[in-house]
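We will go from the whole chain to single residues.

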Amino acid sequence: MAEQENCARLTRAAKKRAAALSVDEQPVLKKRVVLGELRNVCNVAKVGSGDESQKQKRKVTKRSKAKKAIVIKKEDVTKDDVHDFDTKSDDPQFCGQYISDIYEYLHNMEMDPKRRPLPDYIEKVQTDVTLNMRGILVDWLVEVAEEYKLVSDTLYLTVNYIDRYLSLNALNRQKLQLLGISSMLIASKYEEINPPNVEDFCDITDNTYTKQEVVKMESDILNSLKFELGNPTMKTFLRRFTRIAQEDYKSVNLRLEFLGYYLAELSLLDYNCLKFLPSLVAASVIFVARYILHPKKHPWNLVLQKYTRYKPSDLEECVRIVHDLYLSRRGGGLQAVREKYKQHKFKYVATMPSPPEIPAAALEDVTE
């Protein structure tokens, strides 16, 4: 009798497995984009939602999004004792004992001329590529990164490679999209656990370029950059500055974090931000984010001044550019980043109201 019950249970389990395996998923056709002949306009077709079965096949393992609240009371940080901030956390991932040395190295690296694009390469080097074409390309790559679920570091490195390559090589506009996908291919190999393959990047351009063309451009980029790929980007500094900016709050403020990410990605669109160091743009992003959240409060303090190495007066020009980007006074025709941060998962930060101007008083240096 017991053997019959066991056989019955096994038969029922086998039927359930067979039923599960018999369900066929209906594939959704992926919409692909051809930038084609880029013109001097700020419009680009949107990347489609993508083939769900393909996404499952090459799904990227996401990095942990776990956050830990770091509570720093104001009385714990004084004008003469701000250096203790790095040692207040017991989390070994914060590298509290030597993080200051790490960021000293990164600050020195970001100032290396070999690792920075020319701030005026479109005027001095390019004859067929315009700043609006660059904006269209970067805006489209934001959607590609979303399509393939790439980490944000990949996007920042991609833009860095594009700007550095264009600082050294005049390019025909017909190959600008090829430069974009090849740069993202390299950045994906550097940052991703499971990067997209060459065929994925050919497919996203509706096979405008062959696999051989992508691989050839990849080789050209690597040789032009002399294989110097590990640059500190704005995101490198934004992680640290965001954590420091949270010291005003009793727990992690996700709106501040997402608003900072939104402003940082908007700044990627603007060619005029290339003249600033990545750390300065990251500090300006935090400044504007804090101002939008609390417009009646001074956005800066001594702790931020100590750890970012910038005073409000150092940030003024970049702050006004970032604020204009937020209000769509700049790059208003580029919508990928704006649509991305209108989603619930990013707390709708792209829809938050902001005063039309940042007053001069908010940009005064803090002394206490």
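A contact here means heavy atoms within 4.5 Å. By that rule, residues 24 or more positions apart account for 80% of the contacts in the chain with a separation of 6 or more. Remember that this is a predicted model.

**Whole chain.** Show the cartoon. You will find 15 helices and zero strands. Now colour by accessibility. Of the 368 residues, 50% are buried.

**Helix H5.** Select residues 131-147. This is H5, with 17 residues. From its first C-alpha to its last it reaches 25 Å, close to the 24 Å expected at 1.5 Å a residue. H5 is mostly covered, with 14 of its 17 residues buried. Step just past the helix to Lys149, where phi is positive, about 55°.

**Helices H10 and H11.** Select residues 234-245 for H10 and 254-269 for H11. Two packed helices are described by the angle between their axes and the distance between the axes. For this pair, the axes come within 11 Å and cross at roughly 155°. Angles over 145 degrees count as roughly antiparallel, so H10 is roughly antiparallel to H11. The crossing is right-handed.

H10 brings Met234, Lys235, Leu238, Thr242 and Ala245. H11 brings Leu256, Glu257, Gly260, Tyr261, Ala264, Ser267 and Leu268. By class, that contact has seven nonpolar, three polar and two charged residues.

**Phe237.** Stay in H10 and pick Phe237. Is Phe237 buried or exposed? Its relative accessible area is 0%, so Phe237 is buried. Show its neighbours, leaving out residues up to four places away in sequence: Phe237 touches Tyr103, Leu106, His107, Glu110, Pro232, Pro278, Ser279 and Ala282. Next, draw a distance from the C-alpha of Phe237 to that of Thr308. The two atoms are separated by 8.5 Å, though the residues are 71 apart along the chain.

**Phe227.** Move back to the loop between H9 (211-224) and H10, where Phe227 is found. Its phi is near 60°, a positive value in a residue other than glycine. Phe227 has a relative accessible area of 54%. The cut-off for exposed is over 50%, so Phe227 counts as exposed.

**Ser328.** Finish in the loop between H14 (312-326) and H15 (336-340), and select Ser328. Here too is a residue that is not a glycine, with a positive phi of about 65°. Ser328 has 36% relative accessibility and so counts as partly exposed.

How values were computed
Residues are numbered from 1 along each chain as its sequence is written. This is a predicted model: local features need pLDDT of at least 70, side-chain atom pairs count only at pLDDT 80 or more; totals for chains, interfaces and linings use all residues. Side-chain values use heavy atoms; hydrogens and water are left out. Helices (H or I, at least four residues) and strands (E, at least two) are DSSP runs, numbered from the N terminus. The expected span of a helix is 1.5 Å times one less than its number of residues. Buried means under 20% relative accessible area, exposed over 50%, partly exposed in between (1.4 Å probe, protein chains only). Axes are lines fitted to C-alpha atoms, for helices over the stretch in contact, and angles run from 0 to 180 degrees between N-to-C directions. Angles under 35 degrees count as roughly parallel, over 145 as roughly antiparallel, 65 to 115 as roughly perpendicular and the rest as oblique. A crossing is left-handed if the near helix is turned anticlockwise from the far one by less than a right angle, and right-handed if clockwise. Ala, Val, Leu, Ile, Met, Phe, Trp, Tyr, Cys and Pro count as nonpolar, Asp, Glu, Lys and Arg as charged, and the others, Gly among them, as polar.
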